[in-house]
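Here's a walk through one structure, strand by strand and contact by contact. Have a look at it first, then read on.

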Amino acid sequence: GPWHVGPNMYITGLNQDFDDVNVAKSTDGGQTWTAFPNADPDGGFENMEERSDAIFDPTTGEIRWIVAAPGFQLSTVAFDTATDTWGARVDSGITTIFDPLRIGIRPSGAIRAIYSSFVAGINKLKYIPIVGGVFGAPGFVDAGVGTEYLMARGVISDASGTLWIPYRDV
């Protein structure tokens, strides 16, 4: 953010302990801000700084967060800008998440969470679609071989809808 939604602006971020998600709204072009109650999508666990990301979905009017606290499930929660309320947390069942966690959106509104998964000594970048707040089936991003540690640094969508993932091989 900030994201412009009609005449309003929204910003979002983590609190100082990196364990709650915050959203604020401005109705006067950013001169003043009203904060909404925090969402605690990971159940109170800390250290979500590299294990969380947010994006605005213009097709639904939601600010979509993805989070994965250490040792816990990849989850998503959305803030609805039409009602200024949080939705319920949705869990994916996936726990093999490593830093960092990123989210991207195509012009069509198709959302993909990008994460590192380290299983049986092999690290791969993976993606999982989020459609209507529900997780789809995960897939592999074709990058790297062997046991290197791949870290997604962001997700960029071009006009054709292709998602580009800058990554670092550690």
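Strand β5 and strand β6 (residues 62-67) run antiparallel and are joined by six bridges. A few conventions before going further: strands are DSSP runs of E with at least two residues, helices are runs of H or I with at least four, and both are numbered from the N terminus. Two strands count as paired if DSSP finds at least two bridges between them. What holds such a sheet together in general is backbone hydrogen bonding between strands, either parallel or antiparallel. Keep in mind that this is a predicted model, where local features need pLDDT of at least 70, side-chain atom pairs count only at pLDDT 80 or more, and totals for chains, interfaces and linings use all residues. Residues are numbered from 1 along each chain as its sequence is written, and side-chain values use heavy atoms, with hydrogens and water left out.

Back to the hairpin. Across the pairing, Phe56 faces Ile63 in β6. Four residues sit between the strands of this β5 and β6 hairpin, and Gly61 has a positive phi near 75° there. Five of the six residues in β5 (residues 52-57) are buried, so the strand is largely enclosed by the rest of the structure. Buried here means under 20% relative accessible area, exposed means over 50%, and partly exposed is in between, using a 1.4 Å probe and protein chains only.

Now for the nonpolar cores, each a set of buried Ala, Val, Leu, Ile, Met, Phe, Trp, Tyr and Cys residues joined through side-chain atoms within 4.5 Å. The largest has 14 residues, and the ones touching the most other members are Ile66, Leu74, Leu101, Tyr115, Ile128 and Ile130. Two or more residues of this core come from each of β10 (98-105), β11 (111-119) and β12 (122-131). Another core, of 13 residues, lies apart from it, and Ala54, Phe56, Trp65 and Val67 are among its members.

β12 also holds Val131, which counts as exposed at 59% relative accessibility. Val131 and Ala110 are 21 residues apart in sequence, with a C-alpha to C-alpha distance of 6.9 Å.

Four strands form an open sheet in the order β1-β2-β3-β4, with antiparallel pairing. β1 (3-5) and β4 (34-35) are at the edges with a single partner strand each, so one side of each has no neighbour in the sheet. Three bridges pair β1 with strand β2 (residues 8-14) in the antiparallel sense, and Trp3 stands opposite Tyr10 in β2.

Tyr10 turns up again among the aromatic contacts: ring pairs link Tyr10, Phe36, Phe79 and Trp86 into a cluster. For the cut-offs, rings of Phe, Tyr and Trp (its six-membered ring) pair if their centres lie within 6.5 Å; planes under 30 degrees apart are stacked, over 60 edge-to-face, and the rest tilted. Searching the whole structure gives four aromatic pairs. Take Phe36 and Phe79: their ring centres are 5.2 Å apart and their planes are at 50°, so this pair is tilted. Phe36 belongs to the loop between β4 and β5 and Phe79 to strand β7, so the pair ties together parts 43 residues apart in sequence. Both Phe36 and Phe79 are buried.

That leaves the charges. Side chains of opposite charge can pair when their charged atoms come close. With a salt bridge defined as a side-chain nitrogen of Lys or Arg within 4 Å of a carboxyl oxygen of Asp or Glu, the whole structure has three of them. In one, Lys25 meets Asp84 at 2.7 Å, N to O. This pair links distant parts of the chain, 59 residues apart, with Lys25 in strand β3 (residues 21-26) and Asp84 in the loop between β7 and β8. Lys25 is buried at a relative accessible area of 17%, and Asp84 is buried at 18%.
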